[in-house]
Amino acid sequence: QAGLIKYTHSDNSLSFHTDGATNQRMTIDSSGNVGIGTSSPNDLLHLAVNASGDQSLLRLSNSNATQNNTVGIQFAPGNNMVTSAIKGIAEDSGSATAERDGAIGFFTRRNGGSTTEKVRIDSSGFTTFVGTVHSGKWFESVRTASNEGQIFFKGVTNNVQKTTLFADGSIAASGKIISNRPSGSNTSFGTETNGTRTGIWKGDGTIFLGGSNVANAPNIKLY
């Protein structure tokens, strides 16, 4: 059967039909909204399907088989300036069935610079921050400045900071706190605000509890 392009005067819409007049595939309404799979689009582009199960409504593809190729969506919320993006990333060349691993990257722009990758979830499900190479961790935060790379855990009430993990330490699977700081330096821990510490783990392995700094007489000293 023949295709059809139809203009409806009653609602000033333009519709596109294939395989007969009853198979309406796309609609442009009087506001300029485009609907594919729907005759009543609610947004500038509205994709719709009426089917059960997992449905894919949009595919972004690149036929070139080169490692680190990307396809994505850019966001320009003001003055047509791109400030963020979500991209699919080819971890391999994709030239063979065994080389079709993919990652997803999240990109943002700061201080007038270019849009750069900040977070990546790779094909194994590992999350890496700032585009660092996957190192076998489920979660990794990497920054270059000495005062960055910290992870903060905040309570529900008043968004109060409760716990901080610093860039030079990590938590092992056994629950132990591991310090990677140089020999002779100290690691502080506590729950107080304004930098007050309830304990210090010295570089020589000594642990002080109850003192705000090494000079204070501690309540408990463990070796």
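Modeller: Terms first: two strands pair if DSSP finds at least two bridges between them. Strands (E, at least two residues) are DSSP runs, numbered from the N terminus. This is a predicted model: local features need pLDDT of at least 70, side-chain atom pairs count only at pLDDT 80 or more, and totals for chains, interfaces and linings use all residues. Residues are numbered from 1 along each chain as its sequence is written, and side-chain values use heavy atoms, leaving out hydrogens and water.

Now the pairing. E7 and strand E8 (residues 102-108) are antiparallel, paired over seven bridges. Here Ala-90 has Gly-102 in E8 as its bridge partner. Strand E7 (residues 84-90) also runs antiparallel to strand E6 (residues 70-75), joined by six bridges. Gln-74 faces Ala-85 of E7 across that pairing.

Next, the open sheet. Its five strands follow the order E1-E2-E3-E4-E5, with mixed pairing. Strand E1 (4-8) and strand E5 (45-47) are at the edges; each has a single partner strand, so one side of each lacks a neighbour in the sheet. On average, neighbouring strands are turned by 15° against each other, direction ignored; the axes are lines fitted to C-alpha atoms, and angles run from 0 to 180 degrees between N-to-C directions. Strand E4 (residues 34-36) and E5 run parallel, with three bridges. Ile-36 sits opposite Leu-47 in E5.

Definitions and conventions:
Helices (H or I, at least four residues) and strands (E, at least two) are DSSP runs, numbered from the N terminus.
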